[in-house]
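Reader: I am new to this structure. Can you show me how to read its main features, one at a time?
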Amino acid sequence: MTNVCDLFLIAVLIISLFRNEDKNVSRVELGMWELWRVKTSSFAGLNYPEEESRVLIAGAPLDATNSFHPGTRFAPEYIRRVSESLELYSYLLDMPIQNKKFHDIGDLFPAGMDVKRSVEIINDFISSESIPKNKKTVILGGEHTVTLGSLPLLMKNTLLIVFDAHADLRDTYLGEKYSHATVIRRISENIPSESIILIGSRAIDAEEMDYIKKHKIRLFTSRYINTYGAGQVVNRLKEELEGYTKVYLSVDIDVLDPAFAPGVGTPEPLGLDIYTLFTLLKSILESKEVIGIDIVETNPLVDKGYQTSSIAAKIILEYLAFQG
Ligand SMILES: [Mn+2]
């Protein structure tokens with residue numbers, strides 16, 4: 001029996017197919033998604049008008065190539081949910097976070113979208129909204145492959161700093177060119193590879209190590225950081241950052257030791273502790289203009305007590321705290 005409710009939903013769907021006059025092609029094609037995503041809560045339970053905001057936040061629930069444990073599609077939702085209960089206080093600045101206006105547009109596409117299409121949509125969003133409107137970009141992943149969508153931000157004398165247990169520099173992985181394990185390789189083919197710094201790495205195969213050396217990618221392994229301490233790494237980072245005015249940060253939450261961040265797609269022991277990670281983030285945020293950041297690989301399905309989602313949310317809050 002068709003009830004009134006069904007008829008109403010069908011009417012809404014038909015109207016939605018015709019109502020979208022947005023010039024952005026991907027948005028038009030995703031007309032139905034616009035209807036669903038309005039239900040998504042916004043980051044930190046706040047949402048300022050876009051015109052007043054210096055930062056645009058967008059979810060990218062990509063979960064297509066994870067080889068071990070799927071679930072990253074739920075991360076934007078959990079990060080937002082847990083962010084609502086975090087106090088608006090900056091640990092790094094030791095003061096309340098005030099007047100940092102951001103606009104959370106919701107998720108860019110529904111979970112289940114294929115990799116290439118997802119990356120195109122992120123690309124489109126950054127090229128048609130963040131860059132022309134002069135806004136900074138926060139992407140809530142999703143698997144690490146979403147970073148490829150930020151390529152338009154990496155083109156002009158921008159340093160890419162990647163926090164990650166893994167190098168993600170394989171040419172292909174499980175037969176895929178576009179994968180969470182190949183994402184930095186694909187990026188390195190599009191920007192000067194010397195403009196990439198990997199931090200916290202501890203899962204690198206022989207092919208990747210050769211690639212790092214051959215292409216002069218800069219590397220701070222977790223062993224180096226855990227041996228010499230955050231202070232020494234901060235000093236070396238300052239030297240490495242010289243000559244660059246802008247930085248883009250890609251934070252794979254598995255850079256942390258699984259003791260701190262168990263809810264990840266591909267856990268790898270002997271990572272950074274949370275204090276070291278935040279100290280390194282501070283040194284970057286206070287010395288350079290960080291034009292964008294993505295936080296990827298949080299997996300709420302294996303995340304007891306929202307432990308990992310809450311760190312992901314905290315990283316974004318600290319990023320916001322440093323914006324003008
Ligand atoms: Mn990783």
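Reader: How many helices and strands does the secondary structure of the chain come to?

Author: This is a predicted model. Its chain has 10 helices and 10 strands.

Reader: How much of the chain counts as buried?

Author: Burial is read by counting neighbours around a residue; 20 or more other C-beta atoms within 10 Å make it buried. Of the 324 residues in the chain, 46% count as buried.

Reader: What about contacts between residues at least 6 apart in sequence?

Author: Of those contacts in the chain, 77% join residues at least 24 apart.

Reader: In what order do the eight strands of the open sheet run?

Author: Read across the sheet: S4-S1-S5-S10-S9-S6-S7-S8. The pairing is parallel. S4 and strand S8 (218-221) are the edge strands, each pairing on one side only. On average, neighbouring strands are turned by 15° against each other, direction ignored.

Reader: How many bridges join S1 and S4?

Author: Four, in the parallel sense. Take Leu56: its bridge partner in S4 is His103.

Reader: Which strands of the sheet does H4 touch?

Author: H4 packs on the sheet at S1, S4 and S5. Its direction makes about 110° with that of S5.

Reader: Is helix H4 mostly covered or mostly open?

Author: Mostly covered. H4 spans residues 75-83, and seven of its nine residues are buried. They are Ala75, Pro76, Tyr78, Ile79, Arg80, Val82 and Ser83. These buried residues pack against strand S1 (55-60), strand S4 (102-107), strand S5 (136-141) and H10.

Reader: At what angle do H4 and H10 pack?

Author: Read two things, the angle and the spacing of the axes. For H4 and H10 the angle is about 70°, and the axes are 8 Å apart. Angles of 65 to 115 degrees count as roughly perpendicular, so H4 is roughly perpendicular to H10.

Reader: Which residues meet there?

Author: From H4 come Ala75, Tyr78, Ile79, Val82 and Ser83; from H10 come Ser309, Ser310, Ala312, Ala313 and Leu317. By class, this contact of H4 with H10 has seven nonpolar, three polar and no charged residues.

Reader: Why is H10 called largely enclosed?

Author: Because 12 of the 15 residues of H10 are buried, the rest of the structure largely encloses it. Among them are Ile311, Lys314, Ile316 and Tyr319. H10 lies across S1, S4, S5, strand S9 (246-252) and strand S10 (289-296). It runs at about 170° to S10.

Reader: And how do H8 and H9 pack?

Author: Helix H8 (residues 222-241) and helix H9 (residues 274-287) pack at about 10°, with axes 10 Å apart. H8 and H9 are therefore roughly parallel. H8 contributes Ile225, Ala230, Val233, Val234, Leu237, Lys238 and Leu241 to the contact. H9 contributes Thr276, Thr279, Leu280, Ser283 and Ser287. The classes in this contact of H8 with H9 are seven nonpolar, four polar and one charged.

Reader: How far is Met155 from Pro192?

Author: Their C-alpha atoms are separated by 8.9 Å. Along the chain, Met155 and Pro192 are 37 residues apart.

Note on methods:
Residues are numbered from 1 along each chain as its sequence is written. This is a predicted model: local features need pLDDT of at least 70, side-chain atom pairs count only at pLDDT 80 or more; totals for chains, interfaces and linings use all residues. Helices (H or I, at least four residues) and strands (E, at least two) are DSSP runs, numbered from the N terminus. Two residues are in contact if their C-beta atoms, placed from the backbone, lie within 7 Å. Axes are lines fitted to C-alpha atoms, for helices over the stretch in contact, and angles run from 0 to 180 degrees between N-to-C directions. Angles under 35 degrees count as roughly parallel, over 145 as roughly antiparallel, 65 to 115 as roughly perpendicular and the rest as oblique. Ala, Val, Leu, Ile, Met, Phe, Trp, Tyr, Cys and Pro count as nonpolar, Asp, Glu, Lys and Arg as charged, and the others, Gly among them, as polar. Two strands pair if DSSP finds at least two bridges between them.
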